[in-house]
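Have the viewer open and follow along.

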Amino acid sequence: MGFEHFDVFVIGTGTAGKGVAKDCTKAGWKVAIADNREYGGTCPNRGCDPKKVLVGFTEIIDRAQKMKGKGITKTPQVSWSELMTFKETFVDAIPAATEKDLTGLGIKMYHQSPRFLDKNTLSVEGKTVTADKIVIATGQKPMPLKIPGEEHVLLSEDFLKLEKLPETMLFIGAGYIGMEFAHIAARFGVKVTMMDFAPRPLSNFDKDMVNHIQQVSEEDLGIEFIFNAEVNEIEKLQKNFRVKAMQDGKEISAKAEMVFNTAGRVPSIDDLALEKGEVAFSNKGITVNEFLQNTTNENVYACGDVSASPGLPLTPLSSQESKIVAANLLNEKASKKTDFPPQPTVVFTLPKLASVGLLEKEAKEQGYDYTLEHKLVPDWFNPKHINEKIYAYKTLVDNKTGLVIGAHLVGPEASEIINMFVMAMCGKLDCETLKKMIFTYPSWGSDIKGMV
């Protein structure tokens, strides 16, 4: 009996995987797709989208608290259970809708993680299938802690399913995932502790901007930070869990009712048996060339967060990479290279932290002659009219060209203002051109003219 054969087999149903599968099937290819979790991927099911629903609610709380005594007489009452019910309206239909969409296109679907048997053969759901091309778009997963008691920790997706909040929480890892969920919990009255092996939170972001976030976290929200702490054990107590760590050669500990692993994410590739498929990989993901083609198995491509490309592990980049892979699959003779524009990234704390382009250290290492402007400007109209005390920016401008090479922001609408910088950088608009533009006023976007 022959194996079922496909023109392309896609592993992963998130933004990247869906994009490739749809483009190939519309071109007339016979396509299969597989996922060992609910269809749709991390972002809409258990990541960006449901988390942003919760952040949006905390923005209401934060705004009301800041305006108390300035027109607001009392802050609104909150209901975690009602918020979670509202959040589900964005999530619960995603898997079924994704499957219906793919089925309608004639794509064969599997609900298990395939394993390579050789370069073009996979085992999935007890069946053996072959494919001319295989696309890996499995994304990332939480990094295992690999310590005693790890079975007691919860993950960010567990946070999104909580029926009620505890009195105390501890987050292992103060990166963007930990900080975002810590801010949500703290604004609902949870006493939050954060433990990290690094000397500060959000170590990939500009230190001066992060200092503002840390200040708000400690002074306004009461979050306790424990840095330079390498967690080595989690012990279950009668009500709480005790997290033990080594700090400066001494053992320390902290207790909480719930402990979350937010130590970071790693490529989701453990179940694929990549060695049998002769697929090269590293701790950064599937090793690819400039065409997003695997470096050792020419029939394998990778896109999205699992790809070890220069693209950041962000949903918009996954979409970009899926287009590159689809184009190269459908027309190998006109191979399309990766070309990543400036990549903005945002931490959805309150205030928000946003960044695009180079950090100071990177600008120095790359030999730029640049002008740096760094200011805290709570007296500008936009922050002042909502009684926001933290509104800061740091911009780096190339003295030779007048172009922005880096922008780092902290503020209520930093996630939107950073897009103005992205447009300026992609469009190669120098600072003089930006300053001559007419923007609506008063609007947050118009503040870019004062930041360059």
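Predicted model: local features only at pLDDT ≥ 70, side-chain atom pairs only at ≥ 80, totals over all residues.

Residues are numbered from 1 along each chain as its sequence is written, and side-chain values use heavy atoms, with hydrogens and water left out.

Start with helix 9, residues 315–330. Helices here are DSSP runs of H or I with at least four residues, strands are runs of E with at least two, and both are numbered from the N terminus. Helix 9 has 16 residues and spans 23 Å from its first C-alpha to its last, close to the expected 22 Å; that expectation is 1.5 Å times one less than the number of residues. Its buried residues are Leu317, Ser318, Glu321, Ser322, Ile324, Val325, Ala326, Asn328 and Leu329. Buried means under 20% relative accessible area, exposed means over 50%, and partly exposed is in between, using a 1.4 Å probe and protein chains only. And what sits over those residues? The cover includes strand 1 (4–11), helix 1 (15–26), strand 6 (127–136) and strand 18 (300–302), where contact means heavy atoms within 4.5 Å.

On the helix 3 side, the contact is made by Lys51, Leu54, Val55, Thr58, Ile61 and Asp62, and on the helix 7 side by Glu180, Phe181, Ile184 and Arg187.

Next, arginine 46, which you'll find in helix 2 (residues 42–46). Is arginine 46 buried or exposed? Buried, with a relative accessible area of 15%. The arginine 46 side chain makes a polar contact with the side chain of glutamate 38 at 3.1 Å; a polar contact is a pair of N or O atoms within 3.5 Å, and within protein one must be able to donate a hydrogen and the other to accept it, while residues adjacent in sequence count only if both atoms are side-chain atoms. Leaving out residues up to four places away in sequence, arginine 46 touches Arg37, Glu38, Gly41, Glu157 and Leu160.

On to the backbone. Alanine 273 has a positive phi of about 50 degrees, although it is not a glycine. This alanine 273 lies in the loop between strand 15 (265–267) and strand 16 (281–282), and counts as buried at 10% relative accessibility. Leucine 292, not a glycine either, has a positive phi of about 65 degrees, and at 0% relative accessibility leucine 292 counts as buried.

Last, look for the cis peptide bonds. One joins leucine 350 and proline 351, with omega about 0 degrees; proline 351 is in the loop between strand 19 (345–347) and strand 20 (352–357). Another runs from tyrosine 441 to proline 442, with omega near -5 degrees.
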